[in-house]
Amino acid sequence: MQITFLGHATFKIISPEGIRILIDPWLDNPVNPHKDDRGPYDLILITHAHGDHLGNILEVARSAATEVIAIHEIQQYLLAQGVPNVTGMNIGGSYRTKGITITMVQAIHSSSIQEGDHIIYGGDAAGFVVRLENGRTFYHAGDTGLFYDMKLIGELYQPEVAFLPIGDHYVMGPREAAKACELLKPKVVIPMHFGTFPLLTGTPEAFKKYLAEFAPEVFLKVLKPGETVEL
């Protein structure tokens with residue numbers, strides 16, 4: 001799989017068969033050097049409704065050729081906004097499209113959309129386990145705190161690559177993310193959701209230190225915004 005980190009929690013994945021997947025499409029985040037990369041994308045996955053994850057969805061999903069996948073409440077919101085092709089699902093379920101299996105798993109976080117002075121309920125926050133055409137699997141945890149059922153995600157789906165937040169304050173910090181690696185047992189972990197704002201104080205250096213304590217067998221791959229890796 002080809003993985004491009006577009007800053008914050010935004011990733012572009014190109015599958016073995018060339019399916020272009022965008023996760024949490026905040027392309028205008030301040031650290032993304034590829035803000036003009038508006039696709040086209042085949043699939044867009046949205047973990048929750050906060051603006052730093054829903055991001056530029058209304059711009060990049062205007063064509064029916066792009067299928068957006070999100071929890072039911074976000075699906076209903078996006079359909080009302082005129083997004084033409086949105087598939088809703090819920091935590092625990094799996095959905096198969098274009099030869100790819102997408103499983104929605106829990107995340108410990110809030111989820112809402114703010115429009116002016118109004119807060120719109122965004123359903124539960126979620127993560128995604130994605131099994132590509134060749135059987136390789138990755139896990140994007142979304143915004144989450146540490147939870148022990150990550151062990152079940154590891155046992156059931158055996159993700160080879162895990163994208164985990166490490167920024168602290170709003171999400172897991174480095175120590176909790178290292179413990180998550182012990183539970184998930186991926187081969188590779190890619191940290192995300194750090195350094196975008198001053199409050200996100202967790203660092204890859206601290207994560208590396210705790211990873212050596214909790215899960216030394218997991219390979220840490222730190223990507224700079226805009227960097228691409230093939231795994």
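These legends describe close-up views of a predicted model.

View 1. Seven strands form an open sheet in the order 6-5-4-3-2-1-16. The pairing is mixed. Strand 6 (86-89) and strand 16 (228-230) stand at the edges. Each has a single partner strand, so one side of each is left without a neighbour in the sheet. Neighbouring strands are turned by 20 degrees against each other on average, direction ignored.

**View 2. Strand 1 beside strand 16.** Strand 1 covers residues 2-5 and runs antiparallel to strand 16. Three bridges join the two strands. Gln2 has Glu230 of strand 16 as its bridge partner.

**View 3. The buried face of helix 3.** Helix 3 spans residues 72-80. Its residues Ile74, Gln75, Tyr77 and Leu78 are buried. Down the helix axis, the buried residues fall within an arc of 165 degrees, so they line one face of helix 3. That buried set packs against two helices, helix 1 (51-54) and helix 2 (57-60). It also packs against strand 5 (67-71), strand 6, strand 9 (112-115) and strand 10 (118-121).

**View 4. Ala180 in helix 5.** Ala180 sits in helix 5, which covers residues 174-184. Ala180 is buried, with a relative accessible area of 0%. Which residues does Ala180 touch, not counting those up to four places away in sequence? They are Leu146, Met150, Leu164 and Met172. For Leu164, the C-alpha atom is separated from that of Ala180 by 8.4 Å. Along the chain, Ala180 and Leu164 are 16 residues apart.

**View 5. Strand 8 and its two partners.** Strand 8 (residues 100-106) is mostly covered, with six of its seven residues buried. Strand 7 (residues 94-97) runs antiparallel to strand 8, and four bridges join them. Within this pair, Ser94 has Thr103 of strand 8 as its bridge partner. Strand 7 and strand 8 form a hairpin with two residues between the strands. In that hairpin, Lys98 takes a positive phi near 55 degrees. Strand 8 also pairs with strand 11 (residues 126-131), again in the antiparallel sense, over six bridges. Here Thr101 has Arg131 of strand 11 as its bridge partner.

View 6. Side chains of opposite charge can pair when their charged atoms come close. Glu67 and Lys98 form a salt bridge, with the closest N and O atoms 3.7 Å apart. Glu67 lies in strand 5, and Lys98 lies in the loop between strand 7 and strand 8. The pair therefore ties together parts that are 31 residues apart in sequence. Are the two residues buried or partly exposed? Glu67 is buried, at 5% relative accessible area. Lys98 counts as partly exposed, at 38% relative accessibility.

View 7. Glu155 and Lys151 meet through their side chains in a salt bridge of 3.6 Å, N to O. Both residues belong to helix 4 (residues 150-157). They are four residues apart, and so are separated by about one helical turn. An α-helix has 3.6 residues a turn, so residues three or four places apart point the same way. Glu155 is partly exposed, with a relative accessible area of 49%. Lys151 is partly exposed too, with a value of 30%.

View 8. Glu182 and Lys179 meet in a salt bridge of 3.1 Å, N to O. Both lie in helix 5, three residues apart, about one turn of the helix. Glu182 is partly exposed, at 27% relative accessible area. Lys179 is partly exposed, also at 27%. Helix 5 also holds Ala180, which is buried.

**View 9. A salt-bridge network.** Asp28, Arg38 and Glu59 are linked in a network of salt bridges. How many salt bridges does the model have? The count comes to seven.

Notes. Residues numbered from 1 in each chain as written. Predicted model: local features only at pLDDT ≥ 70, side-chain atom pairs only at ≥ 80, totals over all residues. Heavy atoms only, no water. Pairing = 2+ DSSP bridges. Axes fitted to C-alpha atoms, helices over the stretch in contact; angles between N-to-C directions. Buried < 20%, exposed > 50% of the residue type's maximum accessible area, 1.4 Å probe, protein only. Arc of directions from axis to C-beta. Contact = heavy atoms within 4.5 Å. Salt bridge = Lys/Arg side-chain N within 4 Å of Asp/Glu carboxyl O.
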